[in-house]
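Please look through the structure below, beginning with the ligands and then moving to the strands.

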Amino acid sequence: MDTTSTPDAVAQGHAHGSAPTNADTPASLVVVRHPLVQHKLALLRDRRTPTKIFKELVDEIAMLMAYEATADLALAEVSVETPLERTVGHEVSGKKLTLVPILRAGLGMVEGILRLVPAARVGHIGLYRDHDTLEPVDYYFKVPGDAAERDFFVLDPMLATGGSAASAVTSLKRAGATRIKFLCLVAAPVGVRRLAEAHPDVTIYCASLDRELNPQGYILPGLGDAGDRLFGTR
Ligand code: PRP
Ligand code: URA
């Protein structure tokens, strides 16, 4: 018998960038099924992948996910003069984008997205999970002062119990933010439900909706401790 586990989202075969059809999964969830994302995610999960490659993969997957998450950015017409004639082009307009990594693993997603949107600002939210209660503990918060005027992408590779993500979004809203998306790489069903129930207005992007949490709060099949694998700590 083949005992290899299959992450739910892959088993369900969702169309690229579409929401899952499972009735239990909230409408605010988007599983990014692009083949490059799935290929890189498999490498990322591999326990043999060394820190340097792990970091590069997080960076690349984050960039590909941001491509999906920025698909609804507003455009305005601009006049452009080509070497031959004047024409109409389009530039991104509207609210200014701010990336907010949740420290520390979220930091690994910043550079890849900045390559796509170099003008984005970067805020930071410091949270860690208490090992016994699995509840988030706040230790840092800094975002641009004009939060109400901005679009926010909250970044964290892992959405496990959902406590950290829900707390980060609550803090951002307290600071005035109203337009928030959450980008992660691997999500657990319980975390998606918790974040969606607390903040139904926040679209959640993930590369995989995995099966479940183990008793220690790690995602299965998951990829292990994202922060430790990114920064080479244990
Ligand atoms: C990890 C991860 C998330 C959180 C997810 O961080 O990067 O922030 O756990 O778990 P949750 O959904 O159950 O809240 P961790 O607390 O290990 O801190 P680190 O990034 O500093 O390693
Ligand atoms: N945080 C991680 O880094 N990995 C998990 O599987 C769960 C929380």
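Ligand 1 is surrounded by 22 residues, and the closest are Arg-129, Ala-160, Thr-161, Ser-164 and Gly-227. A residue belongs to such a shell if its C-beta atom, placed from the backbone, lies within 6 Å of the molecule. Two or more residues of this shell come from each of strand S6 (124–129), strand S9 (158–159), helix H5 (163–174) and helix H7 (226–231). Helices (H or I, at least four residues) and strands (E, at least two) are DSSP runs, numbered from the N terminus. By class, twelve residues around ligand 1 are nonpolar, seven polar and three charged. Here Ala, Val, Leu, Ile, Met, Phe, Trp, Tyr, Cys and Pro count as nonpolar, Asp, Glu, Lys and Arg as charged, and the others, Gly among them, as polar.

This is a predicted model, in which local features need pLDDT of at least 70 and side-chain atom pairs count only at pLDDT 80 or more, while totals for chains, interfaces and linings use all residues. Residues are numbered from 1 along each chain as its sequence is written, and chains are lettered from A and ligands numbered from 1 in the order in which they are written.

The shell of ligand 2 includes Ala-105, Met-158, Tyr-218 and Asp-225. Six residues of that shell are nonpolar, three polar and one charged.

Strand S10 (residues 179–183) has four of its five residues buried, meaning that 20 or more other C-beta atoms lie within 10 Å of a residue's own, all placed from the backbone. S10 runs parallel to strand S8 (residues 150–155), with five bridges, and parallel to strand S12 (residues 203–206), with three. Strands pair if DSSP finds at least two bridges between them. Lys-181 in S10 stands opposite Phe-153 and also opposite Thr-203 in S12.

Technical notes
A residue is buried if 20 or more other C-beta atoms lie within 10 Å of its own, exposed if 12 or fewer, and partly exposed in between; C-beta atoms are placed from the backbone.
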